[in-house]
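Subject: Structure for your review

Dear colleague,

Please find below the structure that I am handing over to you. My findings follow it, grouped by topic.

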Amino acid sequence: TNQGSASADGATISDALPAGVSAFSWNCVASGGAVCPAASGSGALSQTIANWPAGGVLTYTVQASVQNTLSANSLTNSASVSPAANSGGICATPAHASAVPPCTASVTDPVLQATVGVSKVVSPAGTVLAGSTLTYTITVSNTSSNGAPAGGTQVSDPPPAGLTNVSWTCAASGGAVCPAASGSGALSQTI
């Protein structure tokens, strides 16, 4: 919002692609006589505002896709607007810590990360006899205390040499869903 009493034509707005984001798209809606430089775009936002009268508002909506491999505990996105050079424009306070441009706003979100685990037991336990049948029970769990989903987790269990006629079944609980109810051969499923 141009809260000043003069036009802010020539101001620039930017929102760089933050670390941990794989896709970034945006759109712009203007009111109060302001004109969006472009209605939409993808990638980092960097626009020069040609028409931005006093009281004019430009609202940018950004959609970002977080990388599947993000390992950070938080994701920060910062946007800034700078008045045109030599315009004398300042940042509105107290919305900004300082009246000196660029005027910056940031949002930091915690990143929910799944905590997955696996255990495996065999029955009967102990010495294996040739020609006997073994049952392996593999339990895969998501113990995330923050409620992070673990979709996309790969579960695999290749049978060791010497086993034949290998088959498997799956039972889920706690809101999890088996990718397949049963199969044969090596276990390789994506939850």
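In what follows, two residues are said to be in contact when they have heavy atoms within 4.5 Å of each other. Please note also that this is a predicted model.

**Q47 and its surroundings**

I begin with Q47, a residue of strand 4. Setting aside residues up to four places away in sequence, Q47 touches A11, T12, I13, W26, P37, A38 and Y60. The side chain of Q47 also reaches the backbone nitrogen of A38, at 3.2 Å. Q47 has a relative accessible area of 13%, and because buried means under 20%, Q47 is buried.

**Nonpolar cores**

Which residues of the largest nonpolar core touch the most other members? They are I13, W52, L58, Y60 and V81, in a core of 15 residues. At least two residues of this core come from each of strand 1 (11-15), strand 2 (21-31), strand 4 (45-49) and strand 5 (57-66). Another core, of five residues, lies apart from it; V21, L70, L75 and V111 are among its members.

**The salt bridge**

A search of the whole structure returned one salt bridge. K120 and D157 form this salt bridge, and their closest N and O atoms are 2.8 Å apart. K120 belongs to strand 8 and D157 to strand 10, so the pair ties together parts that are 37 residues apart in sequence.

Are the two partners buried or exposed? K120 is partly exposed, with a relative accessible area of 41%. D157, at 18% relative accessibility, counts as buried; the cut-off for that class is under 20%.

**Backbone features**

Most residues other than glycine have a negative phi, and most peptide bonds are trans.

- The peptide bond from P101 to P102 is cis, with omega near 5°. P102 is located in the loop between strand 6 (74-82) and strand 7 (103-110).
- The peptide bond from S123 to P124 is also cis, with omega near -5°. P124 is located in the loop between strand 8 (116-123) and strand 9 (135-142).
- N86 has a positive phi, near 60°. N86 is placed in the loop between strand 6 and strand 7, and at 84% relative accessibility it counts as exposed.
- N165 has a positive phi as well, near 55°. N165 lies in the loop between strand 10 (154-157) and strand 11 (167-169), and its relative accessible area of 76% makes it exposed.

S123, whose peptide bond to P124 is cis, is found in strand 8. At 43% relative accessibility, S123 counts as partly exposed. Apart from residues up to four places away in sequence, S123 touches T133, L134 and T135. How far apart are the C-alpha atoms of S123 and P37? They are separated by 68 Å, and the two residues are 86 residues apart along the chain.

S98 lies in the loop between strand 6 and strand 7, the loop that is also the place of N86. S98 counts as partly exposed, at 34% relative accessibility. Leaving aside its neighbours within four places in sequence, S98 is in contact with C91 and T93.

**A nonpolar surface patch**

Lastly, V118, V140 and I191 make a nonpolar surface patch of about 240 Å². I191 lies in the segment after strand 13 (187-190).

Yours sincerely

Conventions
Residues are numbered from 1 along each chain as its sequence is written. This is a predicted model: local features need pLDDT of at least 70, side-chain atom pairs count only at pLDDT 80 or more; totals for chains, interfaces and linings use all residues. Side-chain values use heavy atoms; hydrogens and water are left out. A nonpolar core is a set of buried Ala, Val, Leu, Ile, Met, Phe, Trp, Tyr and Cys residues joined through side-chain atoms within 4.5 Å. Buried means under 20% relative accessible area, exposed over 50%, partly exposed in between (1.4 Å probe, protein chains only). Helices (H or I, at least four residues) and strands (E, at least two) are DSSP runs, numbered from the N terminus. Patches are made of residues with over 30% relative accessible area and no salt bridge: like charges are joined within 9 Å, nonpolar side chains (Val, Leu, Ile, Met, Phe, Trp, Tyr) within 5 Å. Accessible areas come from the Shrake-Rupley method with a 1.4 Å probe; for residues, only the protein chains shown count as cover. A salt bridge is a side-chain nitrogen of Lys or Arg within 4 Å of a carboxyl oxygen of Asp or Glu. A polar contact is a pair of N or O atoms within 3.5 Å; within protein, one must be able to donate a hydrogen and the other to accept it, and residues adjacent in sequence count only if both atoms are side-chain atoms.
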